[in-house]
Amino acid sequence: MKSLILYCSTYKSHTEKIAELFSKKINADLLNLKNSKNIMIDEYDFIGFGSGVYKESMAPQIFKCVDKLNLMNKDVFVFSTSGVGMRYYNMKLIKLLEAKGARCKGSFACKGSFVSRDFSDNKIFEFSTLSN
Ligand SMILES: Cc1cc2nc3c(=O)[nH]c(=O)nc-3n(C[C@H](O)[C@H](O)[C@H](O)COP(=O)(O)O)c2cc1C
């Protein structure tokens, strides 16, 4: 089985670190979306999609990339890093992947770094920071 991990990590490389760990663990090829224009996935059976969370969403680049791919009957998984580390952020991408015919085999999320004032006016993040 051939595996690939595609990721977008634009802030502090938190997601990149997770992508590298996963790729070592499952012996997957690794592709940073920043450096990749034409992505060929035909030869892969299992594909991971990872992104940091920016303004309450995974990166637009990862959605644009998924939009262009033929994912019919591919096994996939989704991962993200964010300030709060919630798997909830993966849901939108999972829905898109499933709408394109992929089978989602897993969803993983963990905390990256969190400086709430850097990125959100939403008070819920202030509370989350205080309770950490
Ligand atoms: C512009 C910006 C917006 C962010 N928005 C959120 C957010 O809405 N929710 C959250 O939990 N974390 C948020 N974060 C924190 C990042 O998701 C977190 O640091 C993540 O690990 C970044 O991944 P990266 O280093 O791979 O880019 C934001 C960070 C930045 C820079």
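The following legends describe close-up views of a predicted model.

**View 1. The shell of residues around the ligand.**

View 2. Polar backbone atoms of H14 and V84 each lie by an oxygen atom of the ligand, at 3.0 Å for H14 and 3.1 Å for V84. A nitrogen atom of the ligand is 3.0 Å from a polar side-chain atom of Y89. The protein covers 93% of the 650 Å² of accessible area that the ligand has on its own.

**View 3. The salt-bridge network of K2, D29 and E43.** Salt bridges link these three residues in a network. The side chain of K2 meets that of D29 at 3.8 Å, N to O. Because K2 lies in the segment before β1 (3–8) and D29 in strand β2 (29–32), this pair ties together parts 27 residues apart in sequence. The side chain of K2 also meets that of E43, at 2.8 Å, N to O. E43 belongs to the loop between β2 and β3, so this second pair joins parts 41 residues apart in sequence. Relative accessibility is 36% for K2, 34% for D29 and 47% for E43.

**View 4. The salt bridge between R103 and D75.** The two side chains meet at 2.7 Å, N to O. The pair links distant parts of the chain, with R103 in strand β6 (103–111) and D75 in strand β5, 28 residues apart. R103 is partly exposed at 39% relative accessible area, whereas D75 counts as buried at 18%.

How values were computed. Residues are numbered from 1 along each chain as its sequence is written. This is a predicted model: local features need pLDDT of at least 70, side-chain atom pairs count only at pLDDT 80 or more; totals for chains, interfaces and linings use all residues. Side-chain values use heavy atoms; hydrogens and water are left out. A polar contact is a pair of N or O atoms within 3.5 Å; within protein, one must be able to donate a hydrogen and the other to accept it, and residues adjacent in sequence count only if both atoms are side-chain atoms. Accessible areas come from the Shrake-Rupley method with a 1.4 Å probe; for residues, only the protein chains shown count as cover. A salt bridge is a side-chain nitrogen of Lys or Arg within 4 Å of a carboxyl oxygen of Asp or Glu. Helices (H or I, at least four residues) and strands (E, at least two) are DSSP runs, numbered from the N terminus. Buried means under 20% relative accessible area, exposed over 50%, partly exposed in between (1.4 Å probe, protein chains only).
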